[in-house]
Amino acid sequence: IMTFRADGEGITFCTGKIKEVYREMRRNALVEMCYFDSGSHTQLRLRGGVIELEDLDLKKAAVEKFPVLKPWIDAAGYDSMAVFRLVGGTAHVWTPQKAFEPGEPFEF
């Protein structure tokens, strides 16, 4: 999964339609994502629902951001790519400094 946009519309990411994770998100749109900053050792966990977006412009934006995807798209086409957006849910921030304190999740 490659996150290529985070904005007021949500967290937008892509994956291949041949992958098991794609089939899992099609069956169950509730997901949890985790991002880790190694410099600060801070972890951000997001939990919520995703929607699949059939938007060629978003697919092209993902390939532009991640050129490593271009050979795959050249061979298999944009139809082999899935774009999803996490549109809301809860977030939880964890840091080593507050590792033993109960963190309060917040909505996004």
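I call a residue buried under 20% relative accessible area, exposed over 50% and partly exposed in between (1.4 Å probe, protein chains only). This is a predicted model, so I kept local features only at pLDDT of at least 70 and side-chain atom pairs only at pLDDT 80 or more, while totals for chains, interfaces and linings use all residues. Residues are numbered from 1 along each chain as its sequence is written, and side-chain values use heavy atoms, with hydrogens and water left out.

**Entry 1: Glu32 and its partners**

I began with Glu32, which counts as partly exposed at 44% relative accessibility. I took a salt bridge as a side-chain nitrogen of Lys or Arg within 4 Å of a carboxyl oxygen of Asp or Glu. The structure holds nine salt bridges. Arg45 forms one with Glu32, with the closest N and O atoms 3.2 Å apart. Arg45 lies in strand β4 and Glu32 in strand β3, so this pair ties together parts that are 13 residues apart in sequence. Helices (H or I, at least four residues) and strands (E, at least two) are DSSP runs, numbered from the N terminus. Arg47 also meets Glu32 in a salt bridge, at 2.4 Å from N to O. Arg47 is in β4 as well, so the pair links parts 15 residues apart in sequence. Arg45 is partly exposed at 30%, and Arg47 is partly exposed at 44%.

**Entry 2: other salt bridges**

Lys70 and Asp74 meet in a salt bridge at 3.1 Å, N to O. Both sit in helix α3 (residues 70–76), four residues apart, which is about one helical turn. Lys70 is partly exposed at 44%, whereas Asp74 is exposed at 55%. I also noted a network of salt bridges linking Lys17, Glu54 and Lys59.

**Entry 3: Arg85**

Is Arg85 buried or exposed? Arg85 is buried, at 9% relative accessibility. I found Arg85 in strand β5 (residues 81–94). For polar contacts I used a pair of N or O atoms within 3.5 Å; within protein, one must be able to donate a hydrogen and the other to accept it, and residues adjacent in sequence count only if both atoms are side-chain atoms. The Arg85 side chain makes such a contact with the side chain of Glu9 at 3.0 Å. The side chain of Thr12 is another partner, also at 3.0 Å.

**Entry 4: the core**

A nonpolar core here is a set of buried Ala, Val, Leu, Ile, Met, Phe, Trp, Tyr and Cys residues joined through side-chain atoms within 4.5 Å. The largest one has twelve residues, including Ile11, Met33, Val50 and Leu86. Strand β5 gives this core its largest share, four residues. Another core, of eleven residues, lies apart from it, with Val63 and Phe66 among them.

**Entry 5: aromatic rings**

I paired rings of Phe, Tyr and Trp (its six-membered ring) if their centres lie within 6.5 Å; planes under 30 degrees apart count as stacked, over 60 as edge-to-face and the rest as tilted. A search of the whole structure finds two aromatic pairs. Phe13 and Phe84 have ring centres 5.9 Å apart and planes at 20°, so they are stacked. Phe13 is in strand β2 and Phe84 in strand β5, so the pair ties together parts 71 residues apart in sequence. Both residues are buried. Together with Tyr22, Phe13 and Phe84 form one aromatic cluster.
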